[in-house]
Each structure stands twice: as structure tokens, then as C-alpha cells.
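Colleague: Please put the model up. I would like to go through its charged pairs.

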There are 2 protein chains.
Amino acid sequence: MLRLLAEAAREGVELIAYPEMALTTYFPKKIRPDFDQFFETEVPPKALEPLLSRAAEARIAVHVGFCEKAEGKYFNTALLTDRDGRLCGTFRKIHLPGTKAPDGFAQVFEPYYFAHGDTGYRVFDAAGAKVGIAICQDRRYPESYRALALQGAQIILVGYNTPISPLALDLNELCLRSGAYANLCFVLGVAKAGVEDGVELIAGSSIIGPLGQVLARAATTGDELVAARIDLEQMVSVRKRWNFLGRRRPEHYGLLLTPVTEREPHR
Amino acid sequence: MLRLLAEAAREGVELIAYPEMALTTYFPKKIRPDFDQFFETEVPPKALEPLLSRAAEARIAVHVGFCEKAEGKYFNTALLTDRDGRLCGTFRKIHLPGTKAPDGFAQVFEPYYFAHGDTGYRVFDAAGAKVGIAICQDRRYPESYRALALQGAQIILVGYNTPISPLALDLNELCLRSGAYANLCFVLGVAKAGVEDGVELIAGSSIIGPLGQVLARAATTGDELVAARIDLEQMVSVRKRWNFLGRRRPEHYGLLLTPVTEREPHR
């Protein structure tokens, strides 16, 4: 992470995003009793001190995902600092994939470890932009991008850990691109890469523009800096022409608040 | 339309979908005073009698888009009949692209002609499936697919007229695929094709499966039957594994009902 930060500083990066659970392995692939070791009780985590202090020196805003333990609860969290090192705040992952125990269908077990995030969708000021955060499975819910865009998000950061499966990379990009286009904003998908505990992750970090087009994409399946210049002005012209947010008809969206009656029907 | 119906009957099709405004040209590309001629006052429109009677003989359910005039209002409407010819009902387009008059940005003027649809999102029983309808611009709103899926839609029909522009075909498929995947259901995009009044439309009709994959896609830029076998059982297995709908967190979606404060900010 320090190596990539140094590289980013040389390239003049203003905002760097590390993936979900950047400080640990993606342990929710298995049920294991020794998980407490992966959780941080301080925010920012002590382990991030060297990274965050060097980032502040280099005037780089930082997004990092980590596992947070707070008031006896466990969360899948991301923090954001601004270029001066100030902590903007945290977001706790709302949508948890998988089940609490193996059920023959789910292949990850986040609800076994994590409480559902209680921060709600939040937008922060960082690096001169309005920055929203979602985490991994949240990116498969169009509601995530919409809730952030309606709060003014111009850039949405999405860290993820996604194990390889035949369609995984394609569906990841589908979600990120459609979230950007539906809201005419920028979306950054930030992947954990490589093999962890025998599980290969999909990588595929990418930066998507407000017309849903990929501006930059990882070239490798390993750790790599993916950088692009984000021109916030681009949003102005596409929003003038398309104005999806301004032509919403919320009087017809009440159904989206329908309570979930069958939270985990396969257990 | 009759020729395509005959072809569909020979192929054993159970449900056929014709595009938005299938009975007229896509006139909202221009402001013109003579539009009343395009609107139907009967539902189903008299002009559809031959089509709908032959479809009922062939036991084919039918979706058709048309312009509807009712109680002095003008709507962009689609109807659905079941295989026995029974009218299931209509849906009136909710999201209207463009502005009421040229503004230098918008290139279509649907609000000049149409009132915003007042039926809400509706799901019908047809051809042994739960069938939802959205029309053209509605497909760019993730809320459309979600509102239909939450009512049990297994197949979502989306007729459209979309003029050619550099990204239009790509963004069309992005919307249809992401709507299908986010809700793990089938989506049919049904395009008007060819050149109308000097404007070339994007065509690109396609049938999308519940994992967002294109099952069938138009091979030409003209009129063409695009057919695929839809196996509703496929939804069961993908929903068992992914269960996006069952893991929604509507307590965080209230923002989606935020009133639109700037309906058309560029006029």
C-alpha cells in the first residue's frame, strides 16, 4: 500500500482508494472462530498511521476499507481522509452477501461476521469533490448509487473482494457502469487482487465516467495503480443533456421501500 | 407486424412484443402541430384488430406500444393481451425524455406531447408468467425494474424508439442488462428499427437472462423476429444463490423518494 501511494504521489494523484478489507485477508469465504484478530477498534486504525501520514504529506485524500469493531459490534467499514489528513468519516457496508452458515447456495458468509451497516449512505467533501462510498455487495444495489447521487455525490468509491467465478468480472463492470450512467457521475471500482487463502479474486479495478464508459481499467490481475484524470465539469454537460435526476418521478417509487418479507429464504 | 406474427406463430412463440409507438412514426423528435392524428382513443386501438385476432388464434400473448388519448390527456402507452386475446391491461410511460421545447440540450420533446403516465408500475399474468412493462426512457431508471420485480415480475418488456448517437446502443444494453441482473429476472428490449422521418433508430432488440447475459440479440438494423426460449425456472436457482431481493435494506432507501426540486433545470 505504501509502494502504491509513493507511485500515486509521483503521478500527482489527489485521491487514492484502497479496496474493501485492505488490511486483512477476505476471511468471510469460510466460517472460522479466530476472526476477532482482523478487527480494528480505533478509527483510523493504528496500522494505517504510516500510510495516512505520508498521504497527508503528499496531499492525497485516502479511502481504505477495514474491519471495524465498535461497541461490541463488527462492521465492514471504509474510511475517507481529505488531502490534509483530516478524517472525513466512515461508511459501514449495508448489504452483506451470503448467509450466516453454509446453506448449499451461498459461497460467502458475511452475515456470520458482520452487523449490517448503520451509518446510512453518506457523502463527504474530499479532494475538492463530493465523494460517496459503497462497499462490495452494495454495488449490486442500484439504490446505493442513487442514494449517494441524490446527496450530491460526484464520485462514488466502491472497494470490493470478489472471488473468481465465470461471470464475476463482467457483472462487476455491469454494476459499476450502470451505477455511473444512471446517476451521471463517476464511479471507482477498487478491487482486492491476487490469491488469498487459496481463493483467487477477480481484480478488475476501474474508473467509470458519467456516461458509463470505462476511463481506466487494471491491466493485470495483481496489485497495480490505476489512475485517471476526473473532470467534474464533464458531469455538468451530460446532466444538462440527460438530466435523469431532474426527471425522476418519486411518486411512483414508493414500492422500493417495501419491507423485505423473506430476508434469507434458503436457510 | 402481421408478417412477424406469422413467423412467430411458426416458431411456436407464446409472447410477442412490438416496440413503443408501434403504430406511428416517432414524432417527438420534432415539434409539430399535427400530432393528434397519431393518438388512439380506443383500447385496444381499432387498427390492432387484425393483429390481435390472429394472435389469439395462434395463442400468442401480445405487447404493443401506441399513443393513447384518454379524457383529454395524451399518453405514451403499451397494452398487453394474453394468449386467449383477453386484454390484461395497459401501462402509461412514466419517465419522459427531453423538454417541452428546444433548449439547446434536449433532442427529443416528449413532454410537449405526453402527460406523465398515471398507471404506476404494473405486473400482469400473461403466457404463464408475471409480466411487467416499462417504456423507453423508463429503462434508464433502475427504479422501474425494481418496482416491477418487487411485484413479482419475471419478465419485463421494454419497447423503445432511440435515435442513433455514438453511445446509444451500448447504453441501451447497459440499462437492460443491469435491470435484469439487479433483479435476477428476464428483460426484453424491443426496438423500433430503421429510418423514420430522416432519423435512424438504434434497433438492437435483445432478450436478457436473469444473470444479465444476452440470450438473443437482433442481427440486423431492420425489422426482425428475435426469439428465445425463456426458462422461468432459471430464476429460481440464481435467486437461491444471490437473493438480491431478499437481502434488500429498505430502511436505507428513503432518500430515493426525495422530491425532485429542479424538474427541468435547463429551461
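Colleague: Is D170(B) buried, partly exposed or exposed?

Modeller: This is a predicted model; local features need pLDDT of at least 70, side-chain atom pairs count only at pLDDT 80 or more, and totals for chains, interfaces and linings use all residues. Residues are numbered from 1 along each chain as its sequence is written, chains are lettered from A and ligands numbered from 1 in the order in which they are written, and side-chain values use heavy atoms, leaving out hydrogens and water. Buried means under 20% relative accessible area, exposed over 50%, partly exposed in between (1.4 Å probe, protein chains only). D170(B) has 31%, so the residue is partly exposed.

Colleague: Which residue forms a salt bridge with D170(B)?

Modeller: A salt bridge is a side-chain nitrogen of Lys or Arg within 4 Å of a carboxyl oxygen of Asp or Glu. Here the closest N and O atoms are 2.6 Å apart. The pair crosses between chains, from helix α5 of chain B to helix α5 of chain A. Helices (H or I, at least four residues) and strands (E, at least two) are DSSP runs, numbered from the N terminus. The partner is R177(A).

Colleague: Is R177(A) buried or exposed?

Modeller: Its relative accessible area is 12%. That makes R177(A) buried.

Colleague: How many residues apart in sequence are E173(A) and R217(A)?

Modeller: Their side chains meet in a salt bridge (3.0 Å, N to O). E173(A) lies in helix α5 and R217(A) in strand β12 of chain A, so the pair ties together parts whose separation in sequence is 44 residues.
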